[in-house]
Amino acid sequence: MNNAMNNAIVQVRGAVKTFAGVATAVDHVSLDIFEGEFFALLGPSGCGKTTFMRMLAGLEIPDRGEILIDGRDMTGVPPNRRPVNMVFQSYAVFPHMSVLANIAYGLKVTGVGAADIRRRVDEALQLVQLGGLEQRMPAQLSGGQLQRVALARALVKRPRVLLLDEPLSALDAKLREAMQLELVKLQHAVGITFIIVTHDQQEALSMADRIAVMEKGKVRQVAPPAELYEYPRSYFVADFIGKMNLFHGRASGDGAVAVEQLGEIKIPGNSSAGRVGIAVRPEKVKLFRDAPRPGFTAFKSTVDNIAYHGSESYVFATTESGAAIAATVQNESRDSKLPAVGDSIWCGWRAEDTLVLEE
Amino acid sequence: MRAPPQHRLRRLRRRPPPGPLDYGRHLWMRLTMLATFVFLYAPIITLVAFSFNDSRRNVVWRGFTVKYYLKAWHNDGLIEAFTNSLTIAVISTAVSTVIGAMVALQLWRFRFPFKGAYEGGMALPIVIPEICMGVAMLAFFSRTYWPTDLIWPFNLSAIIIAHISFSFPFVAVVVRARLASFNREFEEAAKDLGASEWRVLRDVLLPHMAPGLVAGALLAFTLSLDDFVITFFTSGPDTVTFPVKIYSMVRFSVTPEVNAASAVLIAITLALTATAMFLQNRAGQKMR
Ligand SMILES: Nc1ncnc2c1ncn2[C@@H]1O[C@H](COP(=O)(O)OP(=O)(O)OP(=O)(O)O)[C@@H](O)[C@H]1O
Ligand SMILES: [Mg+2]
C-alpha cells in the first residue's frame, strides 16, 4: 500500500447523474480518493462505474453535487482543461495516426515544444515497452499493444489522476494477468493516482489499494481489499465479493440471531434488533466427523456434492434443518481425504468468523 | 482395371467444374456482362473513335486525324464555354463541399427543434425535378434583377449560385453517411488529451470525413460540369457553358469537332475520378 494517503486528490460530494428516461446512473456518490492511490471501482454491469469515471473526466456533467480535483472545483471545466486523463475501454487509439503521433498528440495540442515532445514520448514508449513500434499504424498492433499505446498516450501527459475504464477487459486471460502486474508496477514507478473501473473482483482485489463497491449507482462500501473481503458490511457486498455462505436472519439485540433454516446462533459483538444477513466464507467452514468443541458454530449435515478444483475442493452439504452450506477444503497433500457424498458430517466455523450484515 | 467413364471425362476437362459462387465462370453470366459493357461503353468508344475520323460526317471511317482537336482548340466560342464550365464547376464544387460538410456536421452533431423537417428541406433539391429548379431559379434571378452583364467571372455568379444550391445536398448526404460511422470515443479521447473543439474537428473528425468529402466533391463537380437544364435557365444571354454550347453546335450537325470536345471532357472526368479514387485508397490503406 502507498503511504502518502492523507491528501485527497479527488473529492466527490453528493454527485448525481440521471439519464432522461433511465434510472439514476450515479446516485449521491461521495468519495475521497487519495494522492498516489490505486483505487478501483467495482460493481456489476450497469451500476454506473463508467458514468462516474466520465464525470471525473468531464465527459459527463453531474446533475447535482460537486467534484474537486487537486482542490479545484471542476464545475464548468471542460475535459481538455482537467488534470486527468482517461484510458478508454475500447482504447480509442486514433486509427489515422501512427503510434508515435498518437502518443505525441496530447502534448502537441497543448503546445509543448518539439524537443520536449520527443523526449517525453521516448520515455513513455520505454515505460510501456513499445520501443521499435513507433511508426506502426494502430491497425497493425495487437490488442495488448493497443492498450499500451492508449496507456502511454495518457501517461505522457503526466496527469494528476489517470482514469482506466476496464482497460484489460479486451485481453485474454494470460495477457490480462501479465498486464495487471505491469499496471501495478507502472503505478509505483510513476506515482500517479490510478482510478480503475472493473467488474472483475479478482482484478480489483489483486491490484487496488482501496476498492469502492457500487450497486445501482450507489457506493456500498469503500475499503482496502482484505477488509472488503473479510468484513463486508452489507449483504450485497458479501454476495458480490468472493464466495460466501449467506443467510437471512433476525437479530434479537442480545448477541443472538435467529437464522432462517439454521436456527439460533451466537454472533460476535452485538447487533441491534432487526433483520440482518448472516454470512461465513467457505474456507472458514471446517468439516468434523463428530460434534466439535464449543466455540464453534456447527451443524450436523449430509454431504450432497463435491467439486474438485485442483488446489482445493468444494464440499456442498445440507444441514438437518435444510440449509445449504459450502466448505472449501485445501488439497494439502496428494492423498488428502475428503468425505464422500452421502456421508454424515458436522459443518462448523469459529464463532468469531460469523459475519453480521446489513440487509 | 479401367477407370469409370465419368472419371476419365473429368480428367479430360482439366479444370474442376465451377463452384456454387463461381458465377464468373458460367456462360450466361459472361454473356450478360458482355452485353452490359457493350451497351454502356459502345457509344462512348464510338464517340471517342470518331473524334479521330478524317471526315466531315460521322458515318464512315476515312482515316486517322487530330485536326478536329485542333479545330476545337481554335474555336473561341467552344473554348470560352469550356473555360466557363470549368470555372463554374471548380467554384461551385469548393463552395458546395464546404456548405455540404457543414450541413452534415450540423445534422450529425446537434439536436434542435424541427430537425426532421430541416433535414428533409435540405435534401429537397435532390428530388425536385431539374426543370422546376431551373424555372424557380430563373424566376428568382429575374425578380431580384440579378445583374448579368458583369465582367468575367462575375457574369457566372447566377449559374454558380444555382449549381451550389443543387449540388451541396449531395455532398451533405454523402458526408452524413460517412459521419454515421464515426466513433464518438475518438472525439472524447482527443478532448481528454487537451484538444479544443476546433482541434478535434481538424485532427480527428476531418480525417474521418475525408473519403466522404472527396466523394461528395467529385459528385458535385460532375453534376456541375454537365448540368444543362438549370444552367440553360439561369445563364444570361451572353454566357455559354460547355453543355449548352455543344447543344447549340449539335443542332446544326454532329461534327467530329463536337466529338473531340466531348472526348476531352471524358478524359478530364476520368482523370479526376482516378485521382479521387487513388486518394481515397491511400487514406483507406492508412486507416487499415
Ligand atoms: N448516454 C446514456 N444515455 C442513457 N442512459 C445511459 C447512458 N449512459 C449510461 N446509461 C445508463 O446508465 C446506467 C449506468 O451505465 P454505466 O455505463 O455507467 O454502467 P457501468 O457500470 O459502466 O456498466 P458496465 O460494467 O456494463 O460497463 C446504465 O443503466 C445505462 O443504461
Ligand atoms: Mg462501463
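**From a buried strand end to a covered helix**

T198(A) lies in strand β8 of chain A, which spans residues 193-198; strands are DSSP runs of E with at least two residues, helices are runs of H or I with at least four, and both are numbered from the N terminus. The model is a predicted one, in which local features need pLDDT of at least 70 and side-chain atom pairs count only at pLDDT 80 or more, while totals for chains, interfaces and linings use all residues. Residues are numbered from 1 along each chain as its sequence is written, chains are lettered from A and ligands numbered from 1 in the order in which they are written, and side-chain values use heavy atoms, with hydrogens and water left out.

With a relative accessible area of 2%, T198(A) is buried, a word that stands for under 20%, whereas exposed means over 50% and partly exposed the range in between (1.4 Å probe, protein chains only). Setting aside residues up to four places away in sequence, T198(A) touches several others, among them L41(A), K49(A), E166(A) and E203(A), where contact means heavy atoms within 4.5 Å.

In chain B, helix α8 (residues 184-192) is mostly covered, since seven of its nine residues are buried, including F186(B), E187(B) and K191(B). The cover comes from both chains and includes α1, β6, α2 and α4 of chain A together with α4 and α9 of chain B. After α8(B) comes G194(B), whose phi is positive, near 110°.

F186(B) also belongs to a cluster that ring pairs build from F94(A), Y105(A), W108(B), F182(B) and F186(B). Rings of Phe, Tyr and Trp (its six-membered ring) pair if their centres lie within 6.5 Å, and their planes count as stacked under 30 degrees apart, edge-to-face over 60 and tilted for the rest. Over all chains, 20 aromatic pairs are found. One of them joins F112(B) and Y118(B) edge-to-face, at 5.5 Å centre to centre and 80° between the planes; F112(B) is partly exposed at 26% relative accessibility, and Y118(B) is partly exposed with a relative accessible area of 26%.

Helix α4 of chain B (residues 76-109) meets helix α11 of chain B (residues 242-252), their axes coming within 7 Å and crossing at roughly 150°; axes are lines fitted to C-alpha atoms, for helices over the stretch in contact, and angles run from 0 to 180 degrees between N-to-C directions. α4(B) is therefore roughly antiparallel to α11(B), as angles over 145 degrees are called, with under 35 roughly parallel, 65 to 115 roughly perpendicular and the rest oblique. Among the residues making this contact are L78(B) and F82(B) of α4(B) and I246(B) and M249(B) of α11(B).
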